[in-house]
Amino acid sequence: MTKEEFLIRTKEDENYSPGWQAIDDAFEKFYPGKKPDHFGTILTSRAMWGEDEYLDGFSIYSSPKGYKHLVTYGMTVLYGDEDAFGVEWNGWGYEMTIKLKEKDTEVVCGQLI
């Protein structure tokens with residue numbers, strides 16, 4: 001995709017999120033056809049605690065090998081941002097991934113324990 005095409009797509013689709021899609025595409029290779037459990041952050045909490053630096057959420061993929069694989073969304077630029085186009089890395093340059101034993105991933109009252 002050229003920068004011009006990128007800018008057109010960004011202008012036409014306010015929900016365009018190439019960074020988010022890149023994360024999903026990478027995890028599709030490890031967990032083909034599996035839908036993760038996704039946990040989004042609350043917009044008011046983002047404003048109160050994160051200002052303009054916050055995570056949009058995280059996803060948890062189940063593995064048949066007895067673990068859960070968590071990945072964050074938001075340490076890189078997720079949405080159509082002209083300044084992030086074509087650069088080697090953006091934001092912090094990575095997302096966090098964590099593998100947890102299956103028994104350690106119980107969710108209670110919306111919080112991972």
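**Notebook: aromatic rings and a surface patch**

I started with F85, which is partly exposed at a relative accessible area of 26% (buried is under 20%, exposed over 50%, partly exposed in between; 1.4 Å probe, protein chains only). This is a predicted model, so I kept in mind that local features need pLDDT of at least 70, side-chain atom pairs count only at pLDDT 80 or more, and totals for chains, interfaces and linings use all residues. Residues are numbered from 1 along each chain as its sequence is written, and side-chain values use heavy atoms, with hydrogens and water left out.

Next I looked up the ring pairs. Rings of Phe, Tyr and Trp (its six-membered ring) pair if their centres lie within 6.5 Å; planes under 30 degrees apart are stacked, over 60 edge-to-face, the rest tilted. I get nine aromatic pairs by this rule. F6 and F85 have ring centres 4.9 Å apart and planes at 40°, so I logged the pair as tilted. F6 sits in helix α1 (residues 3-12) and F85 in the loop between β3 and β4, so this pair ties together parts 79 residues apart in sequence. Helices (H or I, at least four residues) and strands (E, at least two) are DSSP runs, numbered from the N terminus. F6 counts as buried, at 5% relative accessibility.

I also noted one aromatic cluster, made of F27, F30, Y31 and Y61.

Then I went to W92. It lies in the loop between β3 (67-73) and β4 (97-101) and is exposed, at 54% relative accessible area.

Last, the whole chain: I found three helices and six strands, in the order α-α-β-α-β-β-β-β-β. Of its 113 residues, 27% count as buried.
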